[in-house]
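Have a look at the structure first.

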Amino acid sequence: MSTIVAALEARSPAKVAASVAPLAVLLLALPYAIDPYQTILFTYGLIMAIAALGFNLLLGYTGLLSFGHSAFFGVGAYAVAFMVKYLGLGSMELFILGAIAASVIVTALFGFVCVRYTRIFFSILTLALSQVLWSLAFKFFWVTGGTDGLRVPTPTLLGVSLGRTEDKVTFLAHSYYYYVLVIFFACVALMWVIVNSPFGKALQGIRDNETRAEFVGIQIWRYRLMAFLVSGVFTGLAGALWVPLNGLTTPDILYWPFSGEIVFMTVLGGFRTFAGPIIGAVAFNYLKTYAVGFTVYWQMFLGVVLVFLVLVLPTGIVGTAGQLGARLRRAA
Amino acid sequence: MSLLATKSLTKHFGETRAVDGVDFTVRDGEVLALIGSNGAGKTSLVNLISGLIGADSGQILFRGADVTQESVHDRIRAGIARSFQLVNLFDHLACLDNVALAIFSREGKTRKLVSLARRDGAVWQEAGDVLHQFGLDGKARVLAGGISQGERKLLDVAVAYALRPRLLFLDEPTSGVSTREKAPIMDIISSIVRSRGITAVIIEHDMDIVFKYSDRIVVMHQGSILADGTPDEIRENETVTTTLIGKPTS
């Protein structure tokens with residue numbers, strides 16, 4: 001086999017699909033294997049994984065660290081809440097379309113300002129702009145509900161009002177879980193195609209060496225803006241899926257610590273790998289939930305975990321597992 | 001016929017006249033060496049022409065068109081490519097990906113979001129061919145950050161070459177490599193450039209390389225052009241030898 005053919009074989013979609021098929025079967029059977037509370041908890045993890053996937057298109061593939069992704073998550077969630085409150089809508093599909101449209105608008109505005117900068121300047125700009133949205137949600141309480149937030153009732157899925165024929169917990173642990181799972185798979189597949197597309201290669205080129213990227217003819221800021229848009233839309237979509245599960249949206253999800261959580265998830269799983277943010281989001285979700293239940297000093301606990309990660313596992317869970325696997329293969 | 005011409009091209013950095021009213025021409029199909037001591041303005045001139053820095057005044061004409069205000073992107077589209085004195089590569093991408101990315105960009109395919117790069121067999125085949133020409137086919141799957149300095153120098157040129165330029169600037173293609181490696185590197189680059197009829201401008205300090213591989217030599221000194229001629233003419237030019245090497249003691 002020639003080197004070129006071997007290089008292409010390693011990236012075969014069929015191989016990737018075959019390797020994740022057992023996991024997909026496991027996820028499909030999950031609601032029948034664990035109790036509803038655990039399924040709902042896992043659904044939160046899947047939703048955050050969509051947000052982290054979007055975030056990592058910027059961090060892992062474009063080399064831009066955003067501290068403002070809470071804004072896009074919040075825009076998705078509030079778009080749904082506004083559609084309920086002001087338009088009286090209840091269709092999840094309309095919620096998703098509305099959230100995507102709102103995310104595109106806000107992300108395009110933010111991106112136009114931010115992507116001309118890199119490193120700390122980019123991070124601070126995204127942080128500052130996200131806090132503008134937070135303060136709007138916080139202060140314009142007659143529109144946003146302020147700290148009381150806005151309630152979002154059980155939506156209809158594919159035009160069917162399942163929530164009215166089964167109790168909410170059953171709805172969330174079964175119908176809604178599968179709805180989220182399908183969207184999660186679609187998002188993973190789409191993101192996998194994007195990062196393995198010529199566009200994705202261009203982003204990785206920009207991340208590695210901006211000067212060389214420019215001198216192969218890539219117009220840096222346009223690609224960064226497109227990556228920012230895709231990233232924001234994924235995160236906005238996650239916000240839209242999250243709010244019916246949570247039943248309520250408040251300004252907390254627009255506040256900067258929530259952006260920090262998205263960064264944490266991605267670093268926990270490993271931002272140099274495609275699967276890292278997914279694993280990191282699910283793991284972080286469990287970590288936070290059980291830490292909150294275990295101690296009132298849960299933030300301190302998560303802080304210690306973060307320090308441990310940076311010092312001992314800088315490549316995250318998936319990166320470290322990959323390195324261990326490679327070491328074992330060499331030893332065998 | 002001149003492929004490139006600069007007219008009174010000027011770039012000052014504060015009090016330093018890096019490029020001072022330079023009229024510089026490159027003829028179609030030639031391999032030209034640009035020499036001079038450190039700080040003579042060679043790299044600044046190439047940076048101006050390639051678009052890395054903007055000119056204070058003057059004009060850059062490429063194939064008769066004024067490209068002075070054009071972006072790097074537009075200059076590359078017009079046919080100007082370059083390698084760098086300090087190698088610029090995508091270190092976390094495989095060597096094959098480095099070259100393929102240049103080809104995807106050249107073909108305007110990097111705008112494609114929802115199509116797998118691997119499916120474009122023609123691009124990967126061409127990338128493999130380019131690596132083969134540069135003697136790097138064995139490194140196709142190795143990360144660019146993990147190959148030797150000599151190989152990195154070659155890959156840097158290969159990436160620029162993959163853009164199919166009309167004019168290729170090679171900024172010190174053998175700097176930082178051992179004396180033993182220099183000739184093989186230049187042999188590869190020279191044979192590719194000449195066989196494809198690419199016009200090349202080589203910035204180089206090694207005079208053996210300059211005299212062996214170039215058709216014409218332009219000497220820069222303190223931001224201006226000091227001399228311009230064939231290798232034999234430059235070898236015999238007393239002003240050049242005095243300025244670059246110093247006056248012989250009697």
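Before getting into partners, a quick definition: two strands count as paired if DSSP finds at least two bridges between them. Keep in mind that this is a predicted model.

Strand E4 (residues 57-62) of chain B and strand E5 (residues 65-66) of chain B are joined by two bridges and run antiparallel. Which residue in E5(B) is the bridge partner of Phe62(B)? That would be Ala65(B). The hairpin of E4(B) and E5(B) has two residues between the strands, and Arg63(B) takes a positive phi near 50° there.

E4(B) also pairs with strand E1 (residues 2-13) of chain B, again in the antiparallel sense, this time over five bridges. Within that pairing, Thr10(B) has Ser57(B) in E4(B) as its bridge partner.

## The six-stranded sheet

Chain B also has an open sheet of six strands, ordered E6-E7-E8-E3-E9-E10, and the pairing is mixed. Strand E6 (80-82) and strand E10 (224-229) of chain B sit at the edges with a single partner strand each, so one side of each has no neighbour in the sheet. From one strand to the next, the twist averages 20°.

Going inside that order, strand E3 (residues 31-35) of chain B and strand E8 (residues 199-203) of chain B run parallel and are joined by four bridges. Leu34(B) stands opposite Ile203(B) in E8(B).

## A helix pair in chain A

Over in chain A, how do H9(A) and helix H12 (residues 220-246) sit relative to each other? Their axes come within 12 Å and cross at roughly 175°. Since angles over 145 degrees count as roughly antiparallel, that makes H9(A) roughly antiparallel to H12(A).

On the H9(A) side, the contact uses Tyr176(A), Val180(A), Ile183(A), Cys187(A) and Ile194(A). They meet Val230(A), Phe234(A), Leu241(A) and Leu245(A) in H12(A). By class, this contact has nine nonpolar residues, with no polar and no charged ones.

## Where the chains meet

Between the chains, 27 residues of chain A are in contact with 37 residues of chain B. Helix H1 (3-9), helix H9 (175-195), helix H10 (198-208) and helix H11 (210-214) of chain A each supply at least two residues of the side that touches chain B. H10(A) gives the largest share of that side, seven residues.

What is the make-up of the side of chain A that touches chain B, by class? Its residues divide into 13 nonpolar, nine polar and five charged.

Note on methods. Residues are numbered from 1 along each chain as its sequence is written. Chains are lettered from A and ligands numbered from 1 in the order in which they are written. This is a predicted model: local features need pLDDT of at least 70, side-chain atom pairs count only at pLDDT 80 or more; totals for chains, interfaces and linings use all residues. Two residues are in contact if their C-beta atoms, placed from the backbone, lie within 7 Å. Ala, Val, Leu, Ile, Met, Phe, Trp, Tyr, Cys and Pro count as nonpolar, Asp, Glu, Lys and Arg as charged, and the others, Gly among them, as polar. Axes are lines fitted to C-alpha atoms, for helices over the stretch in contact, and angles run from 0 to 180 degrees between N-to-C directions. Angles under 35 degrees count as roughly parallel, over 145 as roughly antiparallel, 65 to 115 as roughly perpendicular and the rest as oblique.
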